[in-house]
Amino acid sequence: MKKRLALDIKQELSKNILKIKTDVLVLGVHEGKVLNTSAKEIDNATNGIIKKLAKRGEFEAKIGQTAYVATNDGTSSDRIFLVGFGKASKSLNNENLDKLSLAITGCLTSKKSSSGVVNIPSIRYDSKDLSDSSFLQKLGTSIEEKVYTYDAKLNKKNKKTNSLKKVSFTIDSGESLVKLRKGLRTGQAIGQGMNVAKDLANLPGNICTPSYLASTSKSAANKYSNLSCRIYGEKEMKKMGMDCLLSVGNGSAQESKLISMNYQGGKKGAKPYAIVGKGITFDTGGISLKPPATMDEMKFDMCGAASVIGTMQVIAELKLPINLIGVVASAENMPGSKATKPGDVVKTMSGQTVEILNTDAEGRLVLADALTYVERFKPVSVVDIATLTGAVIMALGYSTSGLMSNNEKLAKELLDAGDKASDRAWQLPIWDSYQKDLDSNFADIANIGGRAGTITAACFLSRFAENYPWAHLDVAGTASYKGAAKGGSGRPVPLLSQYLIDKA
Ligand code: BES
Ligand code: MN
Ligand code: ZN
């Protein structure tokens, strides 16, 4: 996993802030007349700029407000930004911290600075889940993630360079340096994992094929002694009875792959957690062909897989004391003379037969067999991640993932992890009343049915996840950005990582 930044921390506000040599000094300032020592020193050296800006109403130090200080002659840093932390007496919530971490990250990266120092004043928190170390976790993630660029396929002269290389934090905190550093390090690892997922998402379908995902997973596993990776090709899958998964790649020249990663950080024999990703490296819809307008975005149909590959590395990097299985079900969904046709019936590894009414509802077909496959590990819980339905965007938009589960405790844990990591999900029901929408006259179950597209897709998956606590994340709206910022988002790596961190 590529670390883009050197991050460091000190557990006190800088002494001699005027002497700090850095490209950019980001100074956290509380709202109100009383400045803390560092702010006072800067104010004195700059002819009272902080007080002046406040008086002119240009910078009142409201939460997340920023100001660029051009007059920095009395200091050794090349430039100074002020970031408002609100009233010192106010307790900050999770949203406040997100705002602050975004503001600080913006200051560090908005000019061509290569080194930065961030001065964080003492903060009160409004919940026991929040602390200086959790704030540093957010900062670690947002900075690492912000310096990400994708230019793998650009000509040299078009390559974007990122100047920021090094940031050190000073924080007025009662927590131990060990804890603070751990928070920062955890956050950075999550950011790196998101960047792994973004890279895989952004690569085009002609490069990022099922075989590419397989070899990438293999080489990632080679970097960690307790992470291994096994690849099953079409022949091996056929032997295991995975006709349902295989039916999706029938029209493609690319070989379908099942990737099975195994991280052994916990006790030998301790039951593992499992994450399972949809890895459709391109989804044309197959014979139920999609319209052309935004079909290019279907290269993002492997984002569930990318989040699994990213999260495995976050957990390995953090050396979490758990066991974790990561499975990727990968195929390319193409039309062709050998492609699956509407009405075709296939047998799943579980023994249930499926009538494929729409070949564009392919994600559930590859996941069905992958969900049966993970049973062999006797997992504590299984979370599958998939860009499964357009309907989840109608329901929740682009900011919130859909969550469905057969286990309320697991659902709650995942929702909480998403809240904490600012990678939120919202639960939809999968009550029995929806299951009959999948009735078929010609097989045990149909692959589409009813009007509640996101829910019936999850109902389909639930038929293959009966033997363990299971949850499904529909990330069709959240795993990639549209429009000018088109590209992978790295989600839901933060949610998954946080869930596993909290479990460990
Ligand atoms: N990969 C798509 C879902 C999708 C749509 C992801 C838009 C991201 C953006 C999935 O395979 C699909 O085609 N789903 C169909 C299901 C339908 C045929 C029941 C859909 O959502 O239209
Ligand atoms: Mn599809
Ligand atoms: Zn798809």
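Student: What makes the site of the manganese ion (ligand 2) irregular?

Tutor: Its six donor atoms make angles of 71 to 169°. Six donors count as octahedral if opposite donors are over 155 degrees apart and all others between 65 and 115; four count as square planar by that rule, or as tetrahedral if all angles lie between 85 and 135 degrees; anything else is irregular. The site is classed as irregular. Now the ground rules. This is a predicted model, where local features need pLDDT of at least 70, side-chain atom pairs count only at pLDDT 80 or more, and totals for chains, interfaces and linings use all residues. Residues are numbered from 1 along each chain as its sequence is written, chains are lettered from A and ligands numbered from 1 in the order written, and side-chain values use heavy atoms, leaving out hydrogens and water.

Student: Why is the arrangement around the zinc ion (ligand 3) called octahedral?

Tutor: Its six donor atoms subtend angles of 79 to 176°, which makes it octahedral.

Student: Which residues coordinate the zinc ion (ligand 3)?

Tutor: Lys278, Asp283, Asp301 and Glu362, at 2.0 to 2.4 Å. Donors are N, O and S atoms within 2.8 Å of the metal (3.2 Å for Na, K and Ca); water is not among the atoms, so sites may look incomplete. Asp283 also bridges to the manganese ion (ligand 2), and the two ions lie 3.1 Å apart.

Student: Why does Asp283 count as buried?

Tutor: Its relative accessibility is 3%. Buried means under 20% relative accessible area, exposed over 50%, partly exposed in between (1.4 Å probe, protein chains only). So Asp283 is buried.

Student: What does Asp360 count as?

Tutor: At 22%, Asp360 counts as partly exposed.
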